[in-house]
Amino acid sequence: MPPTDLTFILIQAEPSVKFSTPIPILRSFDEAATRAFYIDFLGFEVDWEHRFADDLPLYMQVHRGDLLLHLSEHHGDVTPGSALRIEVDDLDALHAELQAKQYKFARPGIETMPWGMRELSVKDPSGNRLVFYAAMEA
């Protein structure tokens, strides 16, 4: 007669590959508008830029703190209109900073969501949506 109480032993091997934080690539169409949005408005800094020639599309990396983004004018790199969710430690401070800049094309507010998050959403000049969020305080 087979035993009625089956015991399974799960052996988990140490993972051989460790992953780091991904770097999102966002499509851009207008270099001046992209710089105004990411550098002047959101406060990112340019790490590096690349073009294969002076008259070819721009590909660049920007950062703010630990957040890295790649911005690409190359047609085949990404789909326009992407969305990112970016956790921040002080959403109110970010909101105040952005409001003080009086950016012509966006004056985002903070919205309380029914899933327990507070969010500040803004679209870049290429239609990509960046949602900065923080958990509501308990």
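Serine 72 is buried, with a relative accessible area of 0%; here buried means under 20% relative accessible area, exposed over 50%, and partly exposed in between (1.4 Å probe, protein chains only). The structure is a predicted model, in which local features need pLDDT of at least 70 and side-chain atom pairs count only at pLDDT 80 or more, while totals for chains, interfaces and linings use all residues. Residues are numbered from 1 along each chain as its sequence is written, and side-chain values use heavy atoms, with hydrogens and water left out.

Serine 72 belongs to strand E4 (residues 67-72). Helices (H or I, at least four residues) and strands (E, at least two) are DSSP runs, numbered from the N terminus. The side chain of serine 72 takes part in a polar contact with the side chain of aspartate 77 at 2.5 Å, and it also reaches the backbone nitrogen of histidine 74 at 3.0 Å. A polar contact is a pair of N or O atoms within 3.5 Å; within protein, one must be able to donate a hydrogen and the other to accept it, and residues adjacent in sequence count only if both atoms are side-chain atoms. When residues up to four places away in sequence are not counted, serine 72 touches Ile25, Leu26, Arg27, Ser28, Leu58, Tyr59 and Asp77, where contact means heavy atoms within 4.5 Å.

An open sheet is formed by four strands in the order E5-E8-E7-E6, with mixed pairing. Strand E5 (83-87) and strand E6 (110-112) stand at the edges with a single partner strand each, so one side of each is left without a neighbour in the sheet. From one strand to the next, the twist averages 30 degrees. Strands of a sheet pair through backbone hydrogen bonds, either parallel or antiparallel. Two strands are taken to pair if DSSP finds at least two bridges between them. Strand E7 (residues 117-123) pairs with strand E8 (residues 129-135) in the antiparallel sense, over seven bridges. Within this pair, leucine 120 stands opposite phenylalanine 132 in E8.

Helix H2 (residues 91-100) packs on the sheet and touches E6, E7 and E8; its direction makes about 30 degrees with that of E7. Axes are lines fitted to C-alpha atoms, for helices over the stretch in contact, and angles run from 0 to 180 degrees between N-to-C directions. Leu91, Leu94 and Leu98 of H2 are buried. These residues cover an arc of only 60 degrees around the axis, which puts them on the same side of H2; the arc is that of the directions from the helix axis to the C-beta atoms. The buried residues of H2 pack against helix H1 (31-41), strand E3 (59-64), E6, E7 and E8. At the start of H2, a side-chain oxygen of aspartate 90 comes to within 3.3 Å of the backbone nitrogen of aspartate 92. Glutamine 102, which follows H2, has a positive phi, near 50 degrees.

The loop between H2 and E6 contains glycine 109, which is partly exposed, with a relative accessible area of 39%. Not counting residues up to four places away in sequence, glycine 109 touches His95, Glu119, Leu120 and Ser121. Glycine 109 and aspartate 92 lie 17 residues apart in sequence and 9.7 Å apart in space, C-alpha to C-alpha.

Eight salt bridges are found in a search of the whole structure, a salt bridge being a side-chain nitrogen of Lys or Arg within 4 Å of a carboxyl oxygen of Asp or Glu. One of them joins the side chains of glutamate 31 and arginine 35 (3.0 Å, N to O). Both residues lie in helix H1, four residues apart, about one turn of the helix. Glutamate 31 is partly exposed at 26% relative accessible area, and arginine 35 is partly exposed at 21%. Arginine 35 also forms a salt bridge with glutamate 49, the closest N and O atoms being 2.8 Å apart. Glutamate 49 lies in strand E2 (residues 45-50) and arginine 35 in helix H1, so this pair ties together parts that are 14 residues apart in sequence. A network of salt bridges links Glu31, Arg35, Glu49, Arg51 and Glu73.

A salt bridge also connects the side chains of glutamate 97 and arginine 64 (2.7 Å, N to O). Glutamate 97 lies in helix H2 and arginine 64 in strand E3, so the pair ties together parts that are 33 residues apart in sequence. Glutamate 97 is partly exposed, with a relative accessible area of 26%, and arginine 64 is partly exposed at 31%.
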